Each structure stands twice: as C-alpha cells, then as structure tokens.
Amino acid sequence: MMFLPAAAEAAEQPNILLPPLYDIVWQLIALIIIGLVLYKYALPKFNAILDERAQRIEEGLNAADRAKEAEALARRKAEETIADANAEAGRIRSEASEDAKSIVAAARKDAEEEAERILTNAQRQIQAERQAAEISLKSEVGLLATELAEKIVGEHLKDNELSARVVDRFLDDLESDMTVQES
C-alpha cells in the first residue's frame with residue numbers, strides 16, 4: 001500500500017508536459033485573434049509586396065530582353081558601319097593610288113620635258129661654243145698660217161685682202177681634208 005498514496009499524490013499534481021485546459025483555450029483564442037489580424041492586415045500587404053516584386057522582376061527580365069535586342073541591333077549597326085568604313089577606306093586607298101600614279105606620271109612627263117629643254121639648251125650652247133671655237137681657231141690658224149707663210153716666203157704680206165684670201169683658202173683645204181678623214 002505504500003504505493004497507493006504515491007499514486008494518489010501523482011494524480012493530484014499537475015502534468016508539466018500538458019498545461020491546464022483553460023490555458024489551452026485562452027492560448028487558442030489569442031492565436032485565432034492574432035491569426036485573423038495577420039490574415040486581415042498583414043497578409044494583403046505581404047501579398048502586395050510579393051506581387052510588386054514579381055512585377056519588378058518581370059519588368060527587369062523584359063528590360064534585359066530589350067537590352068539584349070538593342071545590343072544585338074547596335075552590334076549589327078556597328079558591324080555594318082565597320083564594313084562601310086572598310087569599303088570607303090578601300091575606295092579611298094584605290095583613289096589615292098590612282099592619284100599617286102597620275103601625279104608620278106605628270107611629274108615624269110614634266111621631268112622629261114625639263115630634261116628635253118635642258119638638253120636642247122645644252123646642245124644650242126654647245127653648238128654656239130663650237131662655232132665660237134671654230135671661229136677662234138680659224139682666226140688663230142689664219143694668223144699662224146700667215147706667220148708661217150711670211151717665214152717661208154721671207155717677206156711680210158702687206159696686203160690684208162691677200163692675207164685673208166690665203167687664210168681662207170688654207171682653211172678650206174684644211175676643212176676638206178678633215179671631212180675626207182672623217183668619212
């Protein structure tokens with residue numbers, strides 16, 4: 001029997017794991033009130049915030065898609081611009097090459113004309129100097145011939161006309177001898 005009083009005492013002591021029934025009821029009523037307040041006021045705001053976030057995310061994705069399309073369009077335009085620029089550069093290079101060729105041809109033509117002019121002037125100058133040299137040589141040869149003739153003959157030719165005729169005849173003979181030798 002000793003165990004009976006202990007069992008009776010245990011039945012009278014409250015169970016620490018199970019609260020009394022009135023506490024459970026009041027806690028359940030408080031939980032329902034808090035749940036209703038949250039359902040009525042907090043849940044709509046929470047859903048509105050979630051909807052707004054979902055809308056922002058969707059707008060962000062749409063904006064990203066538009067940005068990708070814009071980037072692709074810009075890339076295509078840039079490639080077209082680069083292709084046009086390359087074509088323009090090629091055209092400019094070919095024009096520059098043609099211009100350079102025409103400039104070189106014009107410069108070559110001018111140089112050839114200048115060389116021809118210089119050559120013509122040089123030939124004229126050479127011809128003039130040659131004639132002057134021939135005249136000078138003829139007069140010197142004439143004087144030498146006159147001196148030689150004076151020494152050979154032994155007297156001085158006093159007649160200038162006669163001296164000039166002798167010199168001219170001597171020079172004519174000399175020229176004819178030279179033309180025969182050149183042939």
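**Chat about a predicted helical model**

Modeller: To start with the surface of this predicted model: Leu18, Leu21, Tyr22, Ile24, Val25, Trp26, Ile29, Ile33, Val37 and Tyr41 make a nonpolar patch of about 1,100 Å².

Colleague: Step back a bit. What does the secondary structure of the chain come to?

Modeller: The protein chain has 3 helices and 0 strands. Read from the N terminus, the order of elements is α-α-α.

Colleague: Where do the helices sit in the numbering?

Modeller: Helix H1 covers residues 3–12, helix H2 covers residues 21–153, and helix H3 covers residues 160–182.

Colleague: How many of the residues count as buried?

Modeller: The figure is 4% of the 183 residues in the protein chain. The chain exposes about 16,500 Å², and 62% of that comes from carbon and sulfur atoms.

Colleague: Give me a buried one, then. What about Ala145?

Modeller: Ala145 lies in helix H2. Ala145 has a relative accessible area of 17%, so this residue counts as buried, the cut-off being under 20%.

Colleague: How far is Ala145 from Val167?

Modeller: In space, 6.7 Å from C-alpha to C-alpha; in sequence, 22 residues.

Colleague: Switching to charges. How many salt bridges does a search of the whole structure find?

Modeller: The search finds 6.

Colleague: Start with Arg75. What does Arg75 meet in a salt bridge?

Modeller: The side chain of Glu71, with an N to O distance of 2.8 Å. Arg75 and Glu71 are separated by about one helical turn, because they are 4 residues apart in helix H2.

Colleague: Is that pair buried or partly exposed?

Modeller: Partly exposed on both sides: Arg75 has a relative accessible area of 48%, and Glu71 is at 44%.

Colleague: Next one. What is the N to O distance between Glu88 and Arg91?

Modeller: Their side chains form a salt bridge at 2.1 Å, N to O. Glu88 and Arg91 both sit in helix H2, 3 residues apart, which is about one turn of the helix. Glu88 is partly exposed at 35% relative accessibility, and Arg91 is partly exposed at 36%.

Colleague: And which residue forms a salt bridge with Arg117?

Modeller: Glu114, with the closest N and O atoms 2.1 Å apart. Arg117 and Glu114 are 3 residues apart in helix H2, again about one turn. Arg117 has a relative accessibility of 41%, so Arg117 counts as partly exposed. Glu114, at 34%, is partly exposed too.

Colleague: Last topic. Which residues gather in the patch of negative charge on the surface?

Modeller: That patch consists of Asp168, Asp172, Asp173 and Asp177.

Colleague: Why does Asp173 count as partly exposed?

Modeller: Because the relative accessible area of Asp173 is 45%. Buried would need under 20% and exposed over 50%, so a value in between is called partly exposed.

How values were computed:
Residues numbered from 1 in each chain as written. Predicted model: local features only at pLDDT ≥ 70, side-chain atom pairs only at ≥ 80, totals over all residues. Heavy atoms only, no water. Patch = residues over 30% accessible without salt bridge, like charges linked within 9 Å, V, L, I, M, F, W, Y side chains within 5 Å. Areas by Shrake-Rupley, 256 points an atom, 1.4 Å probe, with all protein chains shown as cover. Salt bridge = Lys/Arg side-chain N within 4 Å of Asp/Glu carboxyl O. Lys, Arg positive; Asp, Glu negative; His and termini not counted. Charge placed at Lys NZ, Arg CZ, Asp CG, Glu CD. Helix = DSSP H or I, 4+ residues; strand = E, 2+ residues; numbered from the N terminus. Buried < 20%, exposed > 50% of the residue type's maximum accessible area, 1.4 Å probe, protein only. pLDDT = per-residue confidence, 0-100.
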